[in-house]
Amino acid sequence: MIRRAHVYQLWRWAVPSIGLLVFASGALVVWRRGESFTSWMVWSAISAAIALSLWRYFAQLRSDRAPGRRLVLFVVGASLFGISVWTQRNVQIEGLFFGLLTGVVEGAVIHYLLAKLIGPLLFGRIWCGWACWIGALLDLLPYRRPSGRLMPWTRLRYAHFGLSLLLVSGLWFGTGYGLGVIGPTAVYWFLLGNTIYLVSGIVLAIVLKDNRAFCKYLCPITVPLKLTSRFALLKVTGDPSRCDQDRACERVCPMGIRITEYLLANQRVLSTECILCQECINVCDHDALRLSFGVDRGGLELLTQRSAAEEQPAGVQGP
């Protein structure tokens, strides 16, 4: 029988190695396409930086991994952001809509297909916890322990998604404008969109004392992510017999998920708000939580709310 310690050791070395392999393969593709030596060097440097940051994370004791994850998030996010600018691709939600309307099946279309639709079927919202450049910057703010969420505000992200679609559709059908996919103009779209995201994220974080307020209330990218991540094979699970119900895992959860209630109900963490940051796993002194692969239908949202009745006996199907 394979022990959990052996699985962990395999995971510890496999994940960084896979990260190195993926980006090193990108460097090889760039070289084979006849791109400049500078491009090859950029891709190679990115692959090395990501591998080193991942190795650093897994080399730490569990209790010391929070800064390590933020380093990985920053390195991966900055790398992907830089690649988007370097290749002049707009991978924001508007770039996806422009690509679908103009028939340009690359850049944002491929990015969303792999990272936001197909990927979450396997790994849930791991993008939000380990790759998002906006999340990397917001996690540097001091409000890491939110008191709860304002459930009606979560509908704002759907409004943001709809407004972005309306803007792009209006430009395309009204004027035939379709320059927001690839090229210098697409970079302006990309940089402007990210600036708006970051500024609004900082304002929300300060007002609500919550680093991840933008992710919970306003980010349009969570709309497709939540659609498929409910069926994710990889989720947090645990052993209820090991849990002492001190709720330390919930106090460190940046998304305000009531993890203990899933555990005591013999369920995996079924919330589509989970970003697989593993803060809950790392803080648990009794080794009650872990990652697992399995098949289930998620979507049962047990979330801490900012209300008089903060703790509810049953789950709510969140938007």
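Me: Why is Arg149 called buried?

Reply: Happy to explain: its relative accessible area is 2%, and buried means under 20%, exposed over 50% and partly exposed in between, with a 1.4 Å probe and protein chains only, so Arg149 counts as buried. A word on the source: this is a predicted model, where local features need pLDDT of at least 70, side-chain atom pairs count only at pLDDT 80 or more, and totals for chains, interfaces and linings use all residues. Residues are numbered from 1 along each chain as its sequence is written, and side-chain values use heavy atoms, with hydrogens and water left out.

Me: What makes Arg149 and Glu273 a salt bridge?

Reply: The closest N and O atoms of the pair are 2.9 Å apart, and the rule asks for a side-chain nitrogen of Lys or Arg within 4 Å of a carboxyl oxygen of Asp or Glu. The two residues are 124 apart, with Arg149 in the loop between α7 and α8 and Glu273 in the loop between α13 (259-264) and α14. Helices here are DSSP runs of H or I with at least four residues, strands are runs of E with at least two, and both are numbered from the N terminus.

Me: Which salt bridges does Asp139 form with Arg69 and Arg212, and how far apart are the atoms?

Reply: For Arg69 and Asp139 the closest N and O atoms are 3.3 Å apart. Arg69 lies in helix α3 (residues 66-86) and Asp139 in the loop between α7 (133-138) and α8 (156-175), so this pair ties together parts 70 residues apart in sequence. For Arg212 and Asp139 the distance is 3.1 Å. Both Arg69 and Asp139 are buried, and Arg212 is buried too.

Me: Why are α5 and α11 called roughly parallel?

Reply: Their axes cross at roughly 30 degrees and come within 7 Å. Angles under 35 degrees count as roughly parallel, over 145 as roughly antiparallel, 65 to 115 as roughly perpendicular and the rest as oblique, so α5 and α11 are roughly parallel to each other. The axes are lines fitted to C-alpha atoms over the stretch in contact, with angles running from 0 to 180 degrees between N-to-C directions.

Me: What makes Arg247 partly exposed?

Reply: Arg247 has 27% relative accessibility, and so counts as partly exposed.
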